[in-house]
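Please look over the sequence and the model before reading on. The paragraphs below go through the structure one region at a time.

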Amino acid sequence: METALTKLVGVRHPIVQTGMGWVAGPRLVSASANAGALGILASATMTVEGLRGAVREVKSRTDAPFGVNLRADAGDAHERVRIIIDEGVKVASFALAPSRELIAELKDAGVVVIPSVGARRHAEKVAAWGADAVIVQGGEGGGHTGEVATTVLLPQVVDAVEIPVVAAGGFFDGRGLVAALAYGAAGIAMGTRFLLTSDSTVPDAVKAEYLAATVKDVTVTRAVDGLPHRMLRTDLVNSLEGAGRTRSLARAVRRAAGFRKLSGLTWPGMIRDGLALKHGKNLSWSQVLLAANTPMLLRASMVEGRTDLGVMASGQVAGVIDDLPSCAELVERVMADAERVLQELAVAKH
Ligand SMILES: Cc1cc2nc3c(=O)[nH]c(=O)nc-3n(C[C@H](O)[C@H](O)[C@H](O)COP(=O)(O)O)c2cc1C
C-alpha cells in the first residue's frame with residue numbers, strides 16, 4: 001500500500017511505531033523497521049552517548065529506515081541533532097514543535113522532519129516552518145495528550161495543512177488504518193499497540209497490567225507532572241492525586257536527582273530544560289520540578305517492572321488489546337485486515 005508517508009520515508013507500510021520513553025529502544029525499533037513500519041527510537045530518556053550507541057545498534061540490526069524522537073526544548077538538542085545527521089538517520093521526530101532553525105538544519109542535511117502535534121495551530125505552525133509531515137495525536141492517545149479526540153482533530157488538521165498527516169491516538173488494527181486513510185491521513189502511528197508486542201522490552205508483569213486493563217482503567221491525570229497525561233489508573237496515581245503539595249514535591253526532588261544521574265544532565269542543564277519547559281506554558285516551578293520527575297516514574301515500570309511504583313503511560317486502546325504479537329505479526333495483520341476491509345467496501349459499493 002503506497003501513501004505519501006511510504007514515499008516520503010521509504011517504508012513498506014504506512015505504519016509508524018512511535019517514540020516512547022524507555023520503551024522504544026533498539027530492539028523494538030529494529031523489529032518494527034524489519035516488519036516494514038517506521039520505527040522511532042525514543043531519545044529523551046537516553047544520554048547523548050547512549051543515543052549514539054542506540055542508533056548504531058539499530059543500524060546493526062536493520063537496513064530499513066528509522067527515526068529518532070527528541071525534545072526540541074532540551075539543552076542538548078543540537079548535539080542530538082548532530083548524531084542524527086552524522087549517523088544518517090532518516091527521520092527526526094519531535095514531541096514538541098521544533099524551531100524553524102532546527103527544522104532547516106535537519107532538512108539541509110537530508111533528514112525528514114516529522115513533529116508530533118496535538119492541535120491544529122501547531123500543525124499549521126510546523127508546516128509553515130518546513131516540516132515534511134506531522135503526526136497528529138488525538139486525546140485518546142497514551143502519554144501527554146490533549147482533549148480533542150482523533151475523530152475530530154484528524155480531519156481538522158488534514159484540512160488545514162498541505163503536508164502528509166499521520167494519525168495517532170487509538171489505533172490498533174486494519175480498520176483503524178482504513179478509517180485514517182478515509183479521513184485523508186497518509187498512515188497511522190501507534191504507541192500502546194507496539195508497547196504490547198513480544199519484541200518490546202517492557203517487563204512481562206507490566207505488560208500483564210496493560211492486557212488486563214479495560215477502557216475505563218485508562219485515565220488522564222495532572223498529578224504526575226502538572227500536564228494532562230494518559231496512563232493506567234493505579235494505586236500510585238490515586239495516591240499522587242490525594243497527596244498534598246509538599247509531599248509530592250519532596251518526592252519529585254528525589255526522583256529528579258535520580259534522573260539527573262541516568263540522563264547525564266547537570267543541574268544547570270536540568271534547570272535550563274525546566275525553564276524551556278516553563279516558557280509559554282504557564283507552569284509553576286513546582287510543576288517544572290514534577291515534570292523532571294516523570295521520566296523516573298516511567299522508568300520504574302518500563303525498565304524495572306515496578307507496577308506498584310511506576311507510571312504506566314497508556315492509550316485508551318489498552319482496553320481493547322489482549323495479545324502480544326511480534327512486530328512482524330502485528331504489521332502483517334494490520335495490513336491484511338486493511339486490504340480486506342478495503343475490498344469489502346469496494347464490493348459493498350457495487
Ligand atoms: C509508555 C509511553 C511513553 C511515551 N513516551 C513518549 C515520548 O517520550 N515522546 C513522545 O513524543 N511521545 C511519547 N508517547 C506518546 C506516543 O508516542 C504516541 O503518540 C501515543 O502513544 C499514540 O497513541 P496510542 O497509544 O493510542 O497509540 C508515549 C506513549 C506511551 C504509551
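Where is Gly169 found? The model is a predicted one, and in it Gly169 belongs to the loop that runs between S8 and H8. Is Gly169 buried or exposed? Its relative accessibility is 10%, and because buried means under 20% relative accessible area, Gly169 counts as buried. Along the chain, Gly169 and Ile188 are 19 residues apart, and their C-alpha atoms are separated by 8.8 Å.

Asp173 is placed in the loop between strand S8 (165-168) and helix H8 (174-182). With a relative accessible area of 12%, Asp173 is buried. The side chain of Asp173 is joined to that of Arg175 by a polar contact of 2.8 Å.

The next subject is the ligand. How many residues surround the ligand? There are 19, and the closest are Thr18, Gln137, Gly170, Gly191 and Thr192. For three of these residues a distance to an oxygen atom of the ligand can be given. In the side chain of Thr18, an N or O atom is 2.9 Å from an oxygen atom of the ligand. With Gly170, a polar backbone atom is 2.8 Å from a ligand oxygen. With Gly191, a backbone N or O atom lies 2.8 Å from an oxygen atom of the ligand. Taken alone, the ligand exposes 610 Å², and the protein buries 90% of that. How do the residues of the shell around the ligand divide? Six are nonpolar, 13 are polar, and none is charged.

Trp22 comes next. Trp22 lies in the loop between strand S1 (15-17) and helix H2 (26-34). What is the phi of Trp22? The angle is near 70°, a positive value in a residue other than glycine. Most residues other than glycine have a negative phi. Trp22 has a relative accessible area of 18%, and since buried means under 20%, Trp22 is buried. The side chain of Trp22 reaches the backbone oxygen of Pro295 at a distance of 2.7 Å. Trp22 and Met302 are 280 residues apart in sequence, yet 6.2 Å apart in space, C-alpha to C-alpha.

Met302 leads on to the nonpolar core. Which members of the largest nonpolar core touch the most other members? Of its 60 residues, these are Ile15, Ile188, Phe194, Tyr210 and Met302. Helix H15 (residues 327-349) gives the most to this core, with seven residues. Why does this core lie between domain 1 and domain 2? Domain 1 (4-203 + 322-349) and domain 2 (214-313) both give residues to this core, so it lies between them.

Two further buried positions complete the tour. Leu51 is found in helix H3 (residues 48-61). The relative accessible area of Leu51 is 0%, and Leu51 is buried. In sequence, Leu51 and Ile84 are 33 residues apart, while in space they are 9.2 Å apart, C-alpha to C-alpha. Ala133 is found in a loop, the one between helix H6 (120-128) and strand S6 (134-137). Ala133 counts as buried, at 0% relative accessibility. Ala133 and Ser116 are 17 residues apart along the chain, with their C-alpha atoms separated by 9.1 Å.

Methods. Residues are numbered from 1 along each chain as its sequence is written. This is a predicted model: local features need pLDDT of at least 70, side-chain atom pairs count only at pLDDT 80 or more; totals for chains, interfaces and linings use all residues. Side-chain values use heavy atoms; hydrogens and water are left out. A residue is near a molecule or strand if one of its heavy atoms lies within 4 Å of it. A polar contact is a pair of N or O atoms within 3.5 Å; within protein, one must be able to donate a hydrogen and the other to accept it, and residues adjacent in sequence count only if both atoms are side-chain atoms. Accessible areas come from the Shrake-Rupley method with a 1.4 Å probe; for residues, only the protein chains shown count as cover. Ala, Val, Leu, Ile, Met, Phe, Trp, Tyr, Cys and Pro count as nonpolar, Asp, Glu, Lys and Arg as charged, and the others, Gly among them, as polar. Helices (H or I, at least four residues) and strands (E, at least two) are DSSP runs, numbered from the N terminus. Buried means under 20% relative accessible area, exposed over 50%, partly exposed in between (1.4 Å probe, protein chains only). A nonpolar core is a set of buried Ala, Val, Leu, Ile, Met, Phe, Trp, Tyr and Cys residues joined through side-chain atoms within 4.5 Å. Domain bounds come from an automatic or database domain assignment.
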